[in-house]
Amino acid sequence: DHQRTNVRWVILALLFMASFVAYMLRTNMSIAGENMMEDLGLSKIQLGMILSAFAWGYAIFQFPGGIFGNIVGCRRALTIIAVLWGILTLVTGLGPGTNLASTIFILTTLIVLRFLMGVVQAPVFPVACGGTIGSWFPVSGWAFPNGLTSTGLTLGAAATAPLIAWLMESLGWRESFILTAPFAFLIAGVWWWYARDNPADHPRVNKKELSLINANRPSSERTIKDKAAWKHVLKNRDILLLTASYFCMNYVFYIFFNWFFIYLVDVREFEILEGGFFAAAPWMAGAVAASVGGLWCDRLCKRFGPRWGCRIPGIVGLSLAAGLLFLGATTKNPYLAVVFLSLSFGCTQLTEGPYWAAAIFVSGKHASAATGVMNTGGNVVGGIGALLVPITAEAVGWVPALATGSVFAAVGVGLWFFVRADKPIAFHSS
């Protein structure tokens, strides 16, 4: 027991890998979409319907996903959902083609499959970031691990664009789904084998690590039944403000998530493989920014307290994102557009750690519930944006379609000025 163990960092590495795989199996549709439209006879708006089905399933089940995580525990929850990611990805690749089914049947099948993929991906962040990080990391160090899981997610998306574009070009879009599905089964197995819900239950955690994790933790007598916790969280003004601001930030996020690759190929006229390569750029910028934002937020919180510690990176990140998005949309040079747009996306990721840390500061032991609420707001917007962007683009062009993101980001900045991360919810036992 001389050296302190570091099991919490192994747990974080597994969460990093899980979010990497989750994102790979989530972003694949927006890359494969280009070839699927051609092969299955789908329009851009129909593809928008398929992409938005994911966002609706994901948003609607954030709440229930958080509750599911609380009931079955983080270890079991993540194992079950990862197995389901793999199954749904396989089924998507094996779905019927136009020789066997009508376009309406194919469209309906894909909408249902994507909705279900949204449902089974929904618990991943309330369970991982809210639940697991809350339990496994000391109170003063939540933003950096949250930033790091966002880095895993952005790297997963970065790897997806070139990987799926390459598989699609060399083998076909179906094979791009079938060959990536086994990653989900692998992550499920490793997580089940190694992870535990409670650090004290892990055979490799020693007393020194346990006392570090539990230092300054609010006593558990104050926790109340989860049913009551949800009501408190939903009534809390700071959680609601965070949720509204997160909604605005994620509008920009979803522009990139759903449409960036298609924008590069159709509007900026890059070849598929080149487009796949450049489509990874925002996610690479985001990967760096998510970790930087988390570290910066933790530093500022130690120096100025949580109110301004979370507020400053939130305000700076979204302000830059709004300006850079507008520059990227309006520049004539396609390569310069990639640079501005990638930096704009990076700036949204600067705010990820601060959002989640602020929600955990406000909600304490009920972080799963609070982050579930916030992430619902953050993802309902995906269902709206997935259709608003192509409809705006078809009606008035891509510049206004992208500029809608700058407006949302500016509103998100305004809301941060009212968030008080230093005011925890007063839970009264009932």
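**View 1. S176 is found in helix α8.** The structure is a predicted model, in which local features need pLDDT of at least 70 and side-chain atom pairs count only at pLDDT 80 or more, while totals for chains, interfaces and linings use all residues. Residues are numbered from 1 along each chain as its sequence is written, and side-chain values use heavy atoms, with hydrogens and water left out. Helices, here and below, are DSSP runs of H or I with at least four residues, strands being runs of E with at least two, and they are numbered from the N terminus. At 1% relative accessibility, S176 counts as buried, a term that stands for under 20% relative accessible area, with exposed meaning over 50% and partly exposed the range in between (1.4 Å probe, protein chains only). Leaving aside neighbours within four places in sequence, S176 is in contact with A32, I164, L167 and M168, where contact means heavy atoms within 4.5 Å. The C-alpha atoms of S176 and D298, which are 122 residues apart along the chain, are separated by 39 Å.

**View 2. Helix α4 covers residues 74-93.** At 1.5 Å a residue, the 20 residues of this helix should span 28 Å, and its end C-alpha atoms are 29 Å apart, which agrees; the expected span is taken as 1.5 Å times one less than the number of residues. The buried residues of α4 are C74, A77, L78, T79, I81, A82, W85, G86, L88, T89, T92 and G93. I81, in helix α4, has a relative accessible area of 4%. Apart from residues up to four places away in sequence, I81 touches F68, V120, P123 and V124. M49 and I81 are 32 residues apart in sequence and 24 Å apart in space, C-alpha to C-alpha.

**View 3. The largest nonpolar core holds 127 residues.** A nonpolar core is a set of buried Ala, Val, Leu, Ile, Met, Phe, Trp, Tyr and Cys residues joined through side-chain atoms within 4.5 Å. Of the members of the largest core, W85, Y355 and W416 touch the most other members. Helix α12 (residues 237-266) gives the largest share of this core, 20 residues. Not counting residues up to four places away in sequence, W416 touches L242, S245, C310, R311, G314, I315, L318, P354, Y355 and A358.

**View 4. The largest cavity has a volume of about 140 Å³.** On a 1 Å grid over the protein atoms alone, a cavity is a set of points where a 1.4 Å probe fits but cannot get out, and lining residues have an atom within 4 Å of a point. Grid points are joined across faces, edges and corners, and a volume is the space filled by probe spheres set on the points. By this rule the count comes to four cavities of 30 Å³ or more. The largest cavity is lined by 17 residues, of which Y23, L153, Y246, E352 and N375 lie nearest its centre. Helices α1 (7-40), α6 (124-136), α7 (143-170), α12, α17 (352-363) and α18 (367-396) each supply at least two residues of this lining, and the largest share, four residues, comes from α7. The lining divides into eight nonpolar, seven polar and two charged residues, with Ala, Val, Leu, Ile, Met, Phe, Trp, Tyr, Cys and Pro counted as nonpolar, Asp, Glu, Lys and Arg as charged, and the others, Gly among them, as polar.

**View 5. The second largest cavity contains about 70 Å³ of space.** The residues that line this second cavity are L40, V91, T92, G95, P96, I106, T109, L110, L113, W173 and R174. Two or more of the lining residues are given by each of α4, α5 (103-121) and α8 (173-178), and the largest share, four residues, comes from α5. By class, the lining of the second largest cavity has seven nonpolar, three polar and one charged residues.

**View 6. V381 has its place in helix α18.** V381 is buried, with a relative accessible area of 1%. Among residues beyond four places away in sequence, V381 touches F247, N250, Y251 and Y254. The C-alpha atoms of V381 and I239, 142 residues apart along the chain, are separated by 17 Å.

**View 7. E269 is found in the loop between α12 and α13 (272-279).** At 65% relative accessibility, E269 counts as exposed. Phi of E269 is near 60°, a positive value in a residue other than glycine.

Terms used: 1 Å grid on protein atoms, 1.4 Å probe; cavity = no way out; pocket = protein on both sides within 12 Å on 5 of 7 lines; lining within 4 Å.
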